[in-house]
Amino acid sequence: MEESINPTLNLGPVTFDLTMVLVSAITIFIIFLLVFWASRKMQLKPTGKQNVLEYVYELTIGFTKGNLGDEESKRYNLFFFVAFTFLVVANNLGLMTKIETPEGYNLWTSPTANMAYDLGLAAIATIFVHIEGVRRRGLGAYLKAFVTPLAMTPMNILEEVTNLASLGLRLYGNIYAGEVLVGLLLKLAHASAFAYPIAFMLNVVWTAFSVFISCLQGYVFVMLVSMYLNKKISGGH
Amino acid sequence: MITVLSTSATILGNFILVTASFLTLIILIRVFAWKNLTGIFEQRAEKIAGEIDAAEEKNQAAAALVKQRQVELEQSRIEGKKIIQDAVARAKVEKKHIVDQADVEAQALKDKAKLEIAAEKREAQEQLKVQVASLAVDLAGKIILEDLDQAAHSALIDRYIDRLGEK
């Protein structure tokens, strides 16, 4: 959460937020371990963990199929699979707990509860979409899409910026709001012994809702990026 | 305003961090898990396609076999009918042949029997004639040799004549 101070590390001109580094690493670690573990000894007749992995795979295919079609959806599914799992884990990570040092350093948060981080994710997705647009249709056709129709050129350019901003800010708003309310409920819990059970119950309810929102944001992100991608690779009709 | 400051100070750091994290995760999954995951779908699809093809082939083979059997059955039915018809026709011909032959043979036997009867009759008549003649000669000799009275003579002749009539 950005209300509190995070430990930082200066490497030359760049300042790294160490809490973010930690939770990002944990996110990657969790996803990779789960996927790696589930993808060992794959069988034609799936059982247990393989079923879950295949379900997630089919899930992201299902999210993007409506926009991209069967074939493209499979081709780009690595990106969407990683984006979806990354978002679901990262969004939910901050809801699990809250670790604060006595000096007020916050050591635990959702990495996606940070505006720069979310805009970074949105930027990765946007750059990926544009690169694919150029690669699949050629630079000429890619640039031509911006000026057709000619009168709409400013709007077309503006759209790319708003797409990026809305992708990042939507995610940031949802996840950050979830964490802010968890923080407030914690403050309520600290306020008095009588308020503790109420805060606890409210927190249970709010966490459940936030988990739902977090997964939904993963879906929305993947869904929107697949829509933008389809527009770029199929010529925007 | 510490938050804003700290946030703005780490913008670039976070940007680099998220890019690195995301790319690392993509690369890790691509290298270590993706082939396994997508491979299994392909394998399954192949297996299902193969099984469907095999089943279709078997179906076709079975259908062909059924058709062949039907044709064969039809053919053998026709053949059976033909065999029966042939047999019936042959039996008719044979029957006629046998009856004709029997007729001819019976006729021949009858003719032969008639001829034999006629010959025997003739032979018997011949024999009788010869016997009558010899008897007559014998009788005449006896009559001549024996001294007979008239009554005995005539009685003898009558008796002889009577006997002759019985024959």
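Predicted model: local features only at pLDDT ≥ 70, side-chain atom pairs only at ≥ 80, totals over all residues.
Of the 167 residues in chain B, 13% are classed as buried. In chain A, helix H1 covers residues 18-38, a run of 21 residues. From the first C-alpha to the last, H1(A) reaches 30 Å, which is close to the 30 Å expected at 1.5 Å a residue. Several residues of H1(A) are buried, among them A:Met20, A:Val23, A:Ile28, A:Ile31, A:Phe32 and A:Val35. The buried residues of this helix also include A:Thr19, A:Ser24 and A:Thr27.

The two chains meet at an interface in which 33 residues of chain B are in contact with 42 residues of chain A. Together the chains bury about 3,500 Å², and 81% of this area lies on carbon and sulfur atoms. On the side of chain B, the residues that lose the most area to chain A are B:Phe22, B:Leu25 and B:Trp34, which together account for 17% of what that side buries.

Four residue pairs are found in polar contact between chain B and chain A, with both residues of each pair at pLDDT 80 or more. Helix H1 (2-32) and helix H2 (34-145) of chain B each supply at least two residues of the side that touches chain A. The most is given by H1(B), with 23 residues. By residue type, the side of chain B that touches chain A divides into 19 nonpolar, 11 polar and three charged residues. The count of salt bridges between the two chains is one. This salt bridge is formed by A:Glu54 and B:Arg44, whose closest N and O atoms are 2.7 Å apart.

Over all chains, the count comes to 10 salt bridges. Side chains of opposite charge can pair when their charged atoms come close.

In chain A, salt bridges that share partners join A:Glu72, A:Arg75 and A:Arg136 into one network. A:Glu72 forms a salt bridge with A:Arg75, the closest N and O atoms being 3.5 Å apart. Both residues belong to helix H3 (residues 70-75) of chain A and are separated by three residues, about one turn of the helix. The side chain of A:Glu72 also meets that of A:Arg136 in a salt bridge, at 2.7 Å from N to O. This second pair links distant parts of the chain, with A:Arg136 in helix H5 (residues 115-144) and A:Glu72 in helix H3, 64 residues apart. A:Glu72 has a relative accessible area of 15%, under the 20% cut-off, and so counts as buried. A:Arg75, with a relative accessible area of 46%, is partly exposed. A:Arg136 likewise counts as partly exposed, at 29% relative accessibility.

Technical notes. Residues numbered from 1 in each chain as written. Chains lettered and ligands numbered in written order. Heavy atoms only, no water. Contact = heavy atoms within 4.5 Å. Buried area = accessible area lost by both parts, 1.4 Å probe. Salt bridge = Lys/Arg side-chain N within 4 Å of Asp/Glu carboxyl O. Polar contact = N/O pair within 3.5 Å; in protein donor to acceptor, adjacent residues only side chain to side chain. Helix = DSSP H or I, 4+ residues; strand = E, 2+ residues; numbered from the N terminus. Nonpolar A, V, L, I, M, F, W, Y, C, P; charged D, E, K, R; others polar. Expected span 1.5 Å × (residues − 1). Buried < 20%, exposed > 50% of the residue type's maximum accessible area, 1.4 Å probe, protein only.
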